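Subject: Structure handover

Hi,

Here is the structure I promised to pass on to you.

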Amino acid sequence: MNSLLITNGYLVTLDEAKRFIPNGSVYIENNHIIEVGDSSAINRTADHCIDARGSVVMPGLINAHHHLYSTFARGFTPPGAAPRNFEEILSKLWWKLDAALDAEDVYYSALLALMDAARAGCTTIIDHHASPACADGSLDQLEKAFKALGLSGCLCYEVSDRNREGEGIEENERWIRKCQQSQDGQMAALFGLHALMTLGTGTLQRCAETGHALDCGFHVHAAEDRADARLTKERYGRQIMQRFQDFEIPGEKTIFVHGTYFEPDEMDLLHSTGSMLVNNPESNMNNGLKVSPILEFMKHGVTVGVGTDGMSGHMISQARAMYLHQRTQQRDPGIAFAEACRILLENNRNIANRLFREPRGALAAGHLADLMIPEYVPFTPLDADTFYGHLLFGLGFAPVRTTIARGRVIMDEGRFLNLDEEAIRARCVQRAERLWSRIH
C-alpha cells in the first residue's frame with residue numbers, strides 16, 4: 001500500500017456538502033481518497049507528505065472533448081490558400097495533418113498534450129482520435145502516453161468514409177473489447193464517429209450494430225457547422241438528431257460534440273435519451289462559427305459539458321471563454337457566469353462518472369485521488385459564495401504547483417517526477433518538423 005498525506009491546504013472539496021476547509025488535509029491510500037477534513041482532526045501517518053502551504057487544493061479537472069493528435073499543428077500554416085469556411089478548415093488543415101501522422105507522432109503528440117494538461121491541473125481526458133495512415137493500434141499509442149504520465153483517458157477512433165468506407169470501425173471494436181476485459185480502471189472506451197457529413201448509411205449502420213453489441217456509448221461531432229445540418233437534410237430529409245435516432249445512437253453514455261445548429265426539438269431528443277452535449281467555445285471562436293446556445297440546452301434539461309477540442313489542455317480558460325462568449329453574443333452582462341463554472345466542475349464530473357468505473361471530481365472518501373494544488377493563496381474571502389470568481393479570475397491564471405493523478409504525484413513544484421520533459425520536448429520538435437514536411 002502506498003499512502004500520501006496533503007496538509008495545510010485550503011480545500012475546495014466540490015463534494016455533496018460543498019465544503020470549504022481553510023486548514024484542511026487529504027489522506028490517500030493507493031488510488032483513492034480515504035479521509036478529508038480539518039488538519040487537526042486527521043491523525044494519519046503516510047509514506048509521503050505534501051505541505052500545500054496554504055494554497056487551494058481541489059479535484060483534478062476533466063476535459064470532456066479533446067483531440068490529442070492535433071498537438072503538432074501549433075504554429076503550422078497549411079499549404080495553399082487560407083481556408084475560407086469550416087469545410088475548408090477540415091480539408092486543408094485537419095484532414096491533411098491527421099493523414100500524415102505515423103505511430104510515433106501519435107504517441108508523442110499525445111504525451112506532450114497530456115503533460116500540458118497536467119500542468120493545468122487536468123487529470124481526466126475524453127479524447128477523439130484520428131490517424132488514417134496508422135489507424136490500427138493507434139489507440140494503444142495513446143494509452144501508452146496516458147500510462148507514461150498517469151492520467152486517466154477515455155478513447156475512441158473517429159470513423160469516417162472520407163478515406164475508406166468504414167475506416168476505424170475495427171479499431172474502435174478492438175479498443176472497446178480491450179477496455180472491457182481490463183481490470184485497470186485508468187482507461188475507458190467510447191465508439192467514435194466523425195460526423196454525419198462524412199458517414200454513409202452503410203457505415204453508420206455497421207457502427208450502430210457494433211456499438212450496440214458491445215453495449216458502448218458513442219462520441220460524435222454533430223451540427224458543429226451549418227454544412228453538417230444542411231447535408232444531412234439534403235441527403236436524408238432528416239434533422240441530425242433524427243438521423244442519429246434512426247440508428248439508436250443517442251443514449252446515456254453518448255457524447256454529442258458542439259450541437260451549435262440543433263433545433264429545439266433536437267434538444268428535447270437529447271434530453272429524453274439522456275445524451276450528453278459538449279461545448280468547445282474557444283474552438284468555435286477560432287473557426288469563426290456560431291455561438292452555441294448552451295443556456296437553451298440547459299433549459300431543455302440537457303447535460304452540457306465543456307472541452308477544448310484540441311485547442312489546449314487548459315480547462316478553466318474554457319469555462320471563462322464560455323461565459324464571455326454567451327454574454328458577448330447576447331449583449332447581457334448578467335448571464336452564464338455560474339452556469340459555465342457548474343458545467344466545468346459538476347457536469348464534466350457527471351459525464352466522466354458515466355464513462356469510468358471509479359468516481360472522481362470531488363475531494364471525498366472513495367473518490368479517485370485526482371487533485372491539483374495551484375500556486376494560489378486566496379487574498380480575498382473564499383467560500384461557496386465567492387469561489388466562482390476565484391476560479392475564473394484567479395485560479396485560471398495561477399500556475400499549478402502539484403498534480404496528483406490516481407494517487408500518484410506526477411508533477412511537484414512544477415516538475416514532472418518520472419519523465420524527462422526536456423528530452424520529450426526536443427523529440428517533439430523533431431517529429432513535428434518531419435510531419436510538416438510530409439503535408440502538401
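First, some housekeeping. This is a predicted model, in which local features need pLDDT of at least 70 and side-chain atom pairs count only at pLDDT 80 or more, while totals for chains, interfaces and linings use all residues. Residues are numbered from 1 along each chain as its sequence is written, and side-chain values use heavy atoms, with hydrogens and water left out.

**The parallel sheet**

Helices (H or I, at least four residues) and strands (E, at least two) are DSSP runs, numbered from the N terminus. Two strands count as paired if DSSP finds at least two bridges between them. An open sheet of four strands runs in the order β6-β7-β8-β9, and its pairing is parallel. The edges are held by β6 (61-66) and β9 (187-189); each has a single partner strand, so one side of each is left without a neighbour in the sheet. On average, neighbouring strands here are turned by 15 degrees against each other, direction ignored. For angles, axes are lines fitted to C-alpha atoms, for helices over the stretch in contact, and the values run from 0 to 180 degrees between N-to-C directions.

If you zoom in on β8 (residues 152-155), you will see three bridges joining this strand to β9 in parallel. Cys154 has Ala188 in β9 as its bridge partner.

Helix α4 (residues 169-181) touches β8 and β9, and its direction makes about 135 degrees with that of β9. Helix α12 (residues 337-355) touches β6, β7 (122-127), β8 and β9, and its direction makes about 70 degrees with that of β6.

**A hairpin**

Strands β2 (residues 20-29) and β3 (residues 32-38) pair in the antiparallel sense over six bridges. Tyr27 has Glu35 in β3 as its bridge partner. The hairpin of β2 and β3 has two residues between the strands, and Asn30 takes a positive phi near 55 degrees there.

**Salt bridges**

I count a salt bridge when a side-chain nitrogen of Lys or Arg lies within 4 Å of a carboxyl oxygen of Asp or Glu. The structure holds 32 of these salt bridges. For burial, buried means under 20% relative accessible area, exposed over 50%, and partly exposed in between (1.4 Å probe, protein chains only).

Glu413 and Arg53 meet through their side chains in a salt bridge at 3.0 Å, N to O. This pair links distant parts of the chain, 360 residues apart: Glu413 is in the loop between β17 (408-412) and β18 (415-416), and Arg53 is in the loop between β4 (48-51) and β5 (56-59). Glu413 counts as partly exposed at 46% relative accessibility, and Arg53 counts as partly exposed at 40%.

Another salt bridge joins the side chains of Glu358 and Arg406 (2.9 Å, N to O). Glu358 lies in the loop between α12 and β15 (371-374) and Arg406 in the loop between β16 (400-405) and β17, 48 residues apart. How buried are these two? Glu358 counts as buried at 12% relative accessibility, and Arg406 counts as buried at 9%. There is also a network: salt bridges that share partners join Asp102, Glu104, Asp105, Arg427, Arg431 and Arg438.

**Aromatic rings**

Rings of Phe, Tyr and Trp (its six-membered ring) pair if their centres lie within 6.5 Å; planes under 30 degrees apart count as stacked, over 60 as edge-to-face and the rest as tilted. The whole structure has nine aromatic pairs. Tyr323 and Phe337 have ring centres 5.2 Å apart and planes at 90 degrees, so this pair is edge-to-face. Tyr323 sits in helix α11 (residues 315-330) and Phe337 in helix α12, 14 residues apart. Tyr323 counts as buried, at 5% relative accessibility. Phe337 also pairs with Phe393: the centres are 6.3 Å apart and the planes at 25 degrees, so the pair is stacked. Phe393 belongs to helix α13 (residues 387-393), 56 residues from Phe337, and is partly exposed with a relative accessible area of 49%. Phe20, Phe387 and Tyr388 form one aromatic cluster.

Conventions. Contact means heavy atoms within 4.5 Å.
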